[in-house]
2 protein chains.
Amino acid sequence: MESSQPNLTGSLLALFKRLIAEKALRPGDRLPAERDLAETLQVSRSSLRQALKVMESIGVISQQVGSGTRLNPAAASILSEPLEFLILLDGISSRELMEARLIVEPQLAARAATRARPEDERALERAIERMEESDAAAADADAFVTSDLEFHRALFRAAGNRVCEMLFTVVHQSLEELVRFTSALVPPEHTIDFHRQILAAIRDRDPEAAEQRMREHLEDVCALLGREPATRARTPADRWSDALRRLNGAAGSGLES
Amino acid sequence: MESSQPNLTGSLLALFKRLIAEKALRPGDRLPAERDLAETLQVSRSSLRQALKVMESIGVISQQVGSGTRLNPAAASILSEPLEFLILLDGISSRELMEARLIVEPQLAARAATRARPEDERALERAIERMEESDAAAADADAFVTSDLEFHRALFRAAGNRVCEMLFTVVHQSLEELVRFTSALVPPEHTIDFHRQILAAIRDRDPEAAEQRMREHLEDVCALLGREPATRARTPADRWSDALRRLNGAAGSGLES
DNA sequence: AGCGGATAAATGGTAGTACCATTACAAGAC
DNA sequence: GTCTTGTAATGGTACTACCATTTATCCGCT
């Protein structure tokens, strides 16, 4: 769809994709310096940089001054920037994101119960233990949330489908702020208990139970969400001229924050 | 995570995201000319263009020489470019993508059976009719595949969760080539029959039946896939120096195709 | 008045240069 | 050996110039 465009930047992106697909570029590889690469490809450095910036912004490559440019290993974070734009443009609420989890994660739990390997069960166990620790420490609510999400992600891995794993890891990232908020409203033991039940069902190789426990777990959170106001509620605000004037006046807050 | 970066491009992206979130920028809006905008924001046109190119490449904006730059309405295609990179980097097979559908779409079918509005049912009906037409026409295998996917997307909408709708519309895009391939192996009536059964279950408000029919439908396709060789099997190929030498020699095929 | 074509302006696209800040690396001092 | 320091490499930003396309304007003709 974008391979036959007259856009030089688009062509460069297509080229890089081809190099990646053909394994001529592999994760960890260092790309030639921008100046060299531009000369090799017979394009200006400006155009090349535009293409590189695209890949950097979505996380395909990492650029570091003085060091160079490297191809990153695949990571779900590649999708997070675009998904953020999409969520903003569409005005999607946290509730709807939570609903998506409610649709998919019970299925993934069932699948995990069918095919979890011993290492997956260990990872789930570790996530629960870490959650208990950070609960005991009490002070570290941050670590609690982190290990909460870690449990769910470990379950994604256990389900054995990288596509769902990636897609919903991104959803989790977009929800992290929210989870941090709601987890303050639920007794930690409650959450830990749910996780334990889910893990038990997986160990018992009982897909139906795992699915059901996960559904209850998420519905629990969803219920909380129903009572809370939507998160995204900023100033409706103005349009270009106003926005830009404001940013110009307080240029610092616009670009330096 | 990327809001406090010293990268000017990153800061600009964050700025645009804020403007979108605050509705200072809305779909359809025309942005100021690059030169003006650069001056207003007190950044060079090069840096601004890098940020704009990022947004254009993922489909947030559209740029047209002579005309200007406009903000696009939200579209699932925003995720397709990044997802392609991710699939390439991770070496994800069509089979795994199909599995993801198998995990999610039955659930969405069940959900659709619960909450489909009359207009949703009409859309599903239309998709089926279009499929029957293009089957009768026989010649147009392309239209058949298109309306096949259209049915599934209409079902996403009927399920009423835009997050799943977007995510899996993208998965469909990545699979379109494959679907085109497999649909040649299955009797068209078979596919149409499955779709009809699914729609019937939705009309009956029978989530379990809808879920089950959809699962059978996708397992049907998955089974085919198991016997076929993986799609992505190009030349393992070389590394940078080689790849670039080749591209340099045949610069045309590298950048102009 | 209305239509058509030529002209000018606006706009994104590309190329090129210059300079800066940071990092990496190697040569030299201790 | 270790530390310091200087140099080169690298990405980051800014600025200019020019091109191709599109849009808008104006002029002349009918």
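Mentor: Two strands are said to pair if DSSP finds at least two bridges between them. Helices (H or I, at least four residues) and strands (E, at least two) are themselves DSSP runs, numbered from the N terminus. The model is predicted: local features need pLDDT of at least 70 and side-chain atom pairs count only at pLDDT 80 or more, whereas totals for chains, interfaces and linings use all residues. Residues are numbered from 1 along each chain as its sequence is written, and chains are lettered from A, with ligands numbered from 1, in the order in which they are written.

Trainee: In what order do the three strands of the open sheet in chain B come?

Mentor: The order in chain B is β1-β3-β2, and the pairing is antiparallel. β1 (30-31) and β2 of chain B are at the edges with a single partner strand each, so one side of each has no neighbour in the sheet.

Trainee: How many bridges join β1(B) to β3(B)?

Mentor: Two bridges link these antiparallel strands. Arg30(B) is opposite Arg70(B) of β3(B).

Trainee: And chain A, what is the strand order there?

Mentor: Chain A has an open sheet of three strands ordered β1-β3-β2, with antiparallel pairing. Its edge strands are β1 (30-31) and β2, each of which pairs on one side only. β1(A) and β3(A) run antiparallel and are joined by two bridges; there, Arg30(A) has Arg70(A) as its bridge partner.

Trainee: Then how many bridges join β2(A) to β3(A)?

Mentor: Four bridges join that antiparallel pair. Gln63(A) has Thr69(A) as its bridge partner, and Ser62(A) has Arg70(A). β2(A) and β3(A) form a hairpin with three residues between them, and Gly66(A) in the turn has a positive phi of about 90°.

Trainee: What lies across β2 and β3 of chain A?

Mentor: α3(A) does, running at about 115° to β2(A). In chain B, α3(B) lies across β2 and β3 and runs at about 115° to β2(B). Axes here are lines fitted to C-alpha atoms, for helices over the stretch in contact, and angles run from 0 to 180 degrees between N-to-C directions. Two residues are in contact if their C-beta atoms, placed from the backbone, lie within 7 Å.

Trainee: Changing topic to helix packing: at what angle do α2(B) and α3(B) pack?

Mentor: Helix α2 (residues 34-41) of chain B packs on α3(B) at an angle of about 110°, with the axes 9 Å apart. The two are therefore roughly perpendicular to each other. By convention, angles under 35 degrees count as roughly parallel, over 145 as roughly antiparallel, 65 to 115 as roughly perpendicular and the rest as oblique.

Trainee: Which residues make the contact?

Mentor: α2(B) contributes Glu34(B), Arg35(B), Leu37(B), Ala38(B) and Leu41(B), while α3(B) contributes Arg45(B), Leu48(B) and Arg49(B). By class, the contact of α2(B) with α3(B) has four nonpolar, no polar and four charged residues. Ala, Val, Leu, Ile, Met, Phe, Trp, Tyr, Cys and Pro count as nonpolar, Asp, Glu, Lys and Arg as charged, and the others, Gly among them, as polar.

Trainee: At what angle do α4(B) and α8(B) cross?

Mentor: The axes of α4 (residues 80-90) and α8 (residues 162-182) of chain B come within 10 Å and cross at roughly 60°, and the helices are therefore oblique to each other. Their contact involves Ser80(B), Leu83(B), Glu84(B) and Ile87(B) of α4(B) with Val170(B), Gln173(B) and Ser174(B) of α8(B). That contact comprises three nonpolar, three polar and one charged residues.
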